[in-house]
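Here's a quick look at a protein chain, with an eye on its aromatic rings. Have the viewer open while you read.

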Amino acid sequence: MANSNVAFIQLFWDLLNRKTGELGHVDYTPQKPAFDLYTPIDQSFPRSTPEEQGVSSRILSDFVHELQTTEHVEMHQLMILRHDHVIYEGAFDPYRQGVWHVTYSMCKSFTGMAVGLLIDEGRLSLDTKALDILEPQHTVAGVGKLLTKFKYSDLTVRDLLIMSSGASFNETGAISGNDWVKGYFDSLPKFAPGTKFEYNSMNSFILSAIVTKITGVTMFEYLRQKLFIPMGISKVFWETSPIGVTKAGWGMFITQEDAAKLGSLYMHGGAWKGNQLISKSWVEESTRCQIKTGREDNPEYGYHIWMGDVPGSFMYNGMLGQNVYCYPDRDMIIVVNAGNDEVFSGGTMTGIIRKYFGLNYHPSADALPEDPIGLKQLIRAKAEAEGNVRHVSPIVRGGWGRQSVRSMDRDRFFRRLSGRVYEMHSKGIGLFPLIMQVVHNNYTNGISMMRFDYHDGRLSLIFREGEDVHTINVGFGRGRHSLIRSKGEEYLTGCIGRLGRNEDHIPVLTLRIAFIEEATERRLKIYFKSEKELELHWDEVPGNVIIADTLEMITTGSGNVNPIFTGLMSQVSPGLIKDSMRSAIQPMVRASLVEETSAEMDLREEDPLEIHESGTDAPLS
């Protein structure tokens, strides 16, 4: 555990000092494929009006509108099903409906499904000792082997499923080295397995290693054969650790519709289209309380599944707002993807969901009369969320500056700017938000140059980051989309911009750069101090919650049992660390105009990535 603490502190220090390139102690290999934008979902759910399934369009309209307009709620996609019919699906500009999305811990529930399948097959049991499966491969002979057996001899599959392992090797271990199984069993236990709840993503990873040891394939491949292929779940991807074990507790991308299928599977007792894919008994045990969490917002936990606020309900939950809410008594499923400032399901977005679909909500058992006015309101709410109502201004939190864009000639301003190339004074800032860099182990090589291109009334910014060149298409009034390639991996982006002046009458271009498949965004304000000098003020959303969790983890948090390390960190002011981390998340970089003739070739993208645009820019309000 001491090694992972040291590795985390080193990474933390490197990020604060804007170091670039290969950070941490984990080998990086590109894994993520480009998302298939055009192939339809296989075995898709039928579509229906809400009223046909006993749900009021007016309630859904109010629900979508409140999600769209509430402060501190950063919605990406929403899908609602009743009786296995999709009654609402939509994105929130600049996000796109139907694109796969990172799940974070939501995928832990799918890891539990893999364990259940092996138990159904008689190849594993809840009482199986973890070291009986993993010991021959992952422990060292002699004294180290005996010590590991002594520390974790009683650790069972059930302990791992209910987050009660007692292991101190937690999420920070993912940046400390390549062999996370060895790091897990080399760490000191904090309490006896099975005696208390403590959330730890590495418990899921150990389950994945067990599945691989038994089956001979990755857990992702095992689930593909057993569940995903039979259910038509093909637009899915799951990262592996450096030694080829499915990450299990994070690293998965899946579409909302395919996530809803896995919700429906458990809503119907493990059956899909009449085929029993996983036993009903396993589903029933997984979706009832197996351990009390001690959390007021989410007090009960099953087998890698959270219990919901409505009796009998359950949810697959991932941080920042990746959730599948399942209500068996109502035969309803709500799938959300977001970028909220919350780790567990207990923030503002969850409050809105519980307000509309909590204990007091009772949909009709029968179809409702059609409501053309209510349906029109719902269509309008969806259009506003997706940026398709032209007179509705985009909501970009954080402010746009003090003076309306109407007071500036945007076209003339960008025509004068087009073709100019600026060099960064500091080259340690990347396009990826920090959380994306850490989670995917894909660290920036630093943006060195930036060029403005303006043609046919459309603005693009071209960034040179290491050996990669990124083109970000900027939409005004609604998002425009681009594909970028970062160190061998492709990501879909959407960007909304606005031009204005601040209180000092300095022109400011504000950009919201969303990574459509992710839960975090870049925010950038470019201050045009003069024709030759710019200031770039970077930020990311969400940000503050990551700071708070980082502070807890590296000072007195759940991962620390090393007294020397804890004593050392206790001498450092948490406020000082917090301020330092904020400077890493919200850096300011100056840039100067360079000779265009010498810089033009540097910023020419040799292999441009293109996607089909789904509309034109709306005029600014």
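A charge counts as sitting over a ring if NZ of Lys or CZ of Arg is within 6 Å of the ring centre and within 35 degrees of the ring normal. Bear in mind that this is a predicted model.

| Charged residue | Ring | Distance from the ring centre |
|---|---|---|
| Lys32 | Tyr491 | 4.4 Å |
| Arg410 | Phe476 | 4.3 Å |

Ring pairs tie Phe476 together with Phe413, Phe414, Tyr422, Phe452, Tyr454 and Phe528.

Now for the rings as pairs. The chain's count comes to 32 aromatic pairs. Take Tyr184 and Phe185: their ring centres are 5.2 Å apart and the planes meet at 80 degrees, so this pair goes down as edge-to-face, the class for planes over 60 degrees apart. Why quote two values? A pair of aromatic rings is described by the distance of the centres and the angle of the planes.

Are Tyr184 and Phe185 buried or exposed? Tyr184 is buried, at a relative accessible area of 0%, and Phe185 is buried too, at 1%.

Zooming out, the chain has 621 residues, and 59% of them are buried. Among contacts with a separation of 6 or more, 68% come from residues 24 or more positions apart. As for the surface, the chain exposes about 24,200 Å², with carbon and sulfur atoms supplying 51% of that area.

Terms used: Residues numbered from 1 in each chain as written. Predicted model: local features only at pLDDT ≥ 70, side-chain atom pairs only at ≥ 80, totals over all residues. Heavy atoms only, no water. Buried < 20%, exposed > 50% of the residue type's maximum accessible area, 1.4 Å probe, protein only. Contact = heavy atoms within 4.5 Å. Areas by Shrake-Rupley, 256 points an atom, 1.4 Å probe, with all protein chains shown as cover. Phe/Tyr/Trp six-rings, centres within 6.5 Å; stacked < 30°, edge-to-face > 60°.
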